[in-house]
Amino acid sequence: MQGTVTMYSTEWCGYCRRLKSQLDREGIAYNEINIEQDPASAAFVEQANGGNQTVPTVLVVAPSGAEAVMTNPSLAQVKQALAV
């Protein structure tokens, strides 16, 4: 499976840890960005979530170039976005 997955997270987020574990188990590579350490990424997350810093926020760029931004997605949703 190609494409890219970027997960915007925080260290304290349990939902982030769960999704990272699922992605690792499935062998899906991802880039993790801690929004508490990167103001530009925090702004991106706020823009995607109506002004809220909701994590995990995931940006998927499929091999086709299609982009999807998802808030607290399931593993199935990430895999589906990568398959576009």
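Q47 lies in helix α2, where helices (H or I, at least four residues) and strands (E, at least two) are DSSP runs, numbered from the N terminus. With a relative accessible area of 67%, Q47 is exposed; on this scale buried means under 20% relative accessible area, exposed over 50%, and partly exposed in between (1.4 Å probe, protein chains only). Q47 and Y15 are 32 residues apart along the chain, and their C-alpha atoms are separated by 20 Å.

A word on the model itself: it is predicted, so local features need pLDDT of at least 70 and side-chain atom pairs count only at pLDDT 80 or more, while totals for chains, interfaces and linings use all residues. Residues are numbered from 1 along each chain as its sequence is written, and side-chain values use heavy atoms, with hydrogens and water left out.

A search of the whole structure turns up one aromatic pair. Its partners are Y8 and F44, with 5.0 Å from centre to centre and 40° between the planes, which makes the pair tilted. For the rule behind this, rings of Phe, Tyr and Trp (its six-membered ring) pair if their centres lie within 6.5 Å; planes under 30 degrees apart count as stacked, over 60 as edge-to-face and the rest as tilted.

Y8 counts as buried, at 8% relative accessibility, whereas F44 counts as partly exposed, at 26%.

## T6, also in strand β1

Another residue to look at in strand β1 is T6. T6 counts as buried because its relative accessibility is 14%. Leaving aside neighbours within four places in sequence, T6 is in contact (heavy atoms within 4.5 Å) with N31, I33, T57, V58 and L59. As for L23, it sits 17 residues from T6 in sequence and 11 Å away in space, C-alpha to C-alpha.

## Two salt bridges

How many salt bridges are there? The count comes to two, where a salt bridge is a side-chain nitrogen of Lys or Arg within 4 Å of a carboxyl oxygen of Asp or Glu. In one of them, the side chains of E32 and K20 meet at 2.9 Å, N to O. E32 is in strand β2 (residues 31–34) and K20 in helix α1, so this pair ties together parts that are 12 residues apart in sequence. Helix α1 covers residues 14–26. E32 is partly exposed, with a relative accessible area of 35%, while K20 is buried at 17%. Apart from neighbours within four places in sequence, K20 is in contact with M7, Y30 and E32.

In the other salt bridge, the side chains of K79 and E26 meet at 3.1 Å, N to O. This pair links distant parts of the chain, with K79 in helix α3 (residues 75–82) and E26 in helix α1, 53 residues apart. K79 counts as partly exposed at 30% relative accessibility, and E26 counts as partly exposed at 39%.

## How α1 meets α3

Two packed helices are described by the angle between their axes and the distance between the axes. Here the axes of α1 and α3 come within 10 Å and cross at roughly 55°. Axes are lines fitted to C-alpha atoms, for helices over the stretch in contact, and angles run from 0 to 180 degrees between N-to-C directions.

That angle makes α1 oblique to α3, since angles under 35 degrees count as roughly parallel, over 145 as roughly antiparallel, 65 to 115 as roughly perpendicular and the rest as oblique. The crossing is right-handed: a crossing is left-handed if the near helix is turned anticlockwise from the far one by less than a right angle, and right-handed if clockwise. From α1, the contact is made by L19, Q22, L23 and E26, and from α3 by L75, V78 and K79.

## Two backbone details

Most residues other than glycine have a negative phi, and most peptide bonds are trans. In this model, V55 and P56 are joined by a cis peptide bond, with omega about 0°. P56 is in the loop between α2 and β3 (57–61).

N72 has a phi near 50°, a positive value in a residue other than glycine. You will find N72 in the loop between β4 (67–71) and α3. N72 is partly exposed, with a relative accessible area of 31%.
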